[in-house]
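Here's a quick briefing to read alongside the model. Have a look at the fold first, then work through the notes.

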Amino acid sequence: MVSTHIPRLVIAAPASGSGKTTVATGLMRAFADAGLAVSPHKVGPDYIDPGYHALATGRPGRNLDAYMCGPDRIAPLFLHGAAGCDIAVVEGVMGLYDGASGQGELASTAHVAKLLKAPVVLVVDASSQSRSVAALVHGFASWDPEVRVAGVILNKVGSDRHEALLREALTESGVPVLGAVRRAEQVHTPSRHLGLVPVAERSTEAVDAVAAQAARVREGCDLEGLLALAHSAPPLVDEPWAPHGVWAGAPASHPTPTGLWAGVPQGGTGGHKPTTGPHPKNAPVIAVAGGPAFTFSYAEHTELLQAAGAEVVTFDPLHDEALPEGTAALVIGGGFPEVYAPELSANEPLRKEVAALAATGAPVVAECAGLLYLSRSLDGKPMCGVLPADARMSGRLTLGYREAVALADNPLAQAGTRVRGHEFHRTVAEPGAGGTPAWGFTHPERRTEGFVRDGVHASYLHVHWAGAPGAAARLVASAGGARSR
């Protein structure tokens, strides 16, 4: 074990909508503008906030999800992402103590703060209160003695008089006020059906919004006090996560599904086992969808693919009419294809090339948005036609953690492999599962989901590969085999 001291803060709130993202992103940018190397992190599965964090700091935004990756991996993943940085800022999720449904504190901001031994700064929406703020802060600070709520930033403060009332009330709480941020429209970042609009879709507007957030934080917050608080965090005693060693410990086999899933057909790509991967000079090319329509990806996925021996090349399905030269496997992650359905459909040369690659049996892994793109149609617009399904927008939000078992051998996992993932979409695919489904959900509900056919694995389920040892190396091995064939 290694003892490492990385100054760090967790930015939390009593509830969603309090201004965590505004304050956390502004604080990251303010520290970066002061010349510090800032490591940005986000609690939970969210993809969009880390994009703003990356814009603020110039470093990849990284997620810390104790449900999908397991509590034991949180400190190692943090140490990996924050290596060489002067300070780390961790934005929380929802309310401070809100965790995975029905599982106590698991994956909550408080849980991650305890795993990181990090001081917590509580961002409070003060727009509709004065003296009551002290009772609110006292309750959050005293709820769990292991969570160190060490400071408060008052958000959406209306006036000097309002700020004075809030500060006076908090003098008796024992929790210092480290900032008071005034209401400001320019700090607002636009939202739509799944939350904030991703950075990749906003370009200049996103840059301006982050700069405005930083200006408000500099104006209203005690940066020196916050920096001193970050330095008060004790050393972490753990080994940093390393992508080149993760897959080596993956199990070689898994039990055959039983019970509800026992009768489901078992098919797929034939059970490749994780290997050390090909020599770099023979690295298979794995094409990863990017651009405004496909913005959802965890930084560790690319690192794991590269560590397993792949050459990772990004392409934009909105504009590129061909896959990268030598593509041996394809990864299409999450995003907002429903927003760009006409443009994606209009790029017929690429749609045909994706379909042709899938027809060869090459590994094609699709999550959520990728599933929509591989379908026959999306909101009536022709897509790639790889899957016998049609997708459309719906009025129902599907959201939450899932426990699942792989129902067939596929490019990511052998049949019987159990994973934890996350769903987050307002679309439906009809049918929702193929003749060979990708997953059998075991919690919180039992149902089949997704498609496995030839080398294709497509599903609504997002999985963090750092919590699924072997997935990336298995995909690289499958790509190498497909290229050889």
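Two strands count as paired if DSSP finds at least two bridges between them. Helices (H or I, at least four residues) and strands (E, at least two) are DSSP runs, numbered from the N terminus. Heads-up: this is a predicted model, where local features need pLDDT of at least 70, side-chain atom pairs count only at pLDDT 80 or more, and totals for chains, interfaces and linings use all residues. Residues are numbered from 1 along each chain as its sequence is written, and side-chain values use heavy atoms, with hydrogens and water left out.

- Strands β12 (residues 285-289) and β14 (residues 327-332) run parallel and are joined by 4 bridges.
- Within that pair, Ala 287 sits opposite Leu 330 of β14.
- An open sheet of 6 strands runs in the order β13-β12-β14-β15-β23-β22, and its pairing is mixed.
- β13 (311-315) and β22 (451-453) are the edge strands with a single partner each, so one side of each has no neighbour in the sheet.
- On average, neighbouring strands here are turned by 15 degrees against each other, direction ignored.

**Helix α12 and Leu 357**

- Helix α12 (residues 348-359) lies across β13, β14, β15 (364-367) and β23 (456-459), at about 115 degrees to β14; axes are lines fitted to C-alpha atoms, for helices over the stretch in contact, and angles run from 0 to 180 degrees between N-to-C directions.
- Leu 357 is part of α12, and its 12% relative accessibility makes it buried (under 20% relative accessible area; exposed is over 50%, partly exposed in between, with a 1.4 Å probe and protein chains only).
- Leaving aside residues up to four places away in sequence, Leu 357 touches Leu 323, Thr 327, Leu 330 and Ala 362 (contact means heavy atoms within 4.5 Å).
- Gly 455 is 98 residues from Leu 357 along the chain, yet their C-alpha atoms are 9.7 Å apart.

**Helices α1 and α2**

- The axes of α1 (residues 20-33) and α2 (residues 48-57) come within 8 Å and cross at roughly 20 degrees.
- That makes the two helices roughly parallel (under 35 degrees; over 145 is roughly antiparallel, 65 to 115 roughly perpendicular, the rest oblique).
- From α1, Thr 21, Thr 25, Met 28, Arg 29 and Ala 32 meet Asp 49, Tyr 52, His 53, Ala 56 and Thr 57 of α2.

**Helix α3**

- Helix α3 (residues 74-82) has 9 of its 9 residues buried, so the rest of the structure largely encloses it.
- Just after α3, Gly 84 adopts a positive phi of about 80 degrees.
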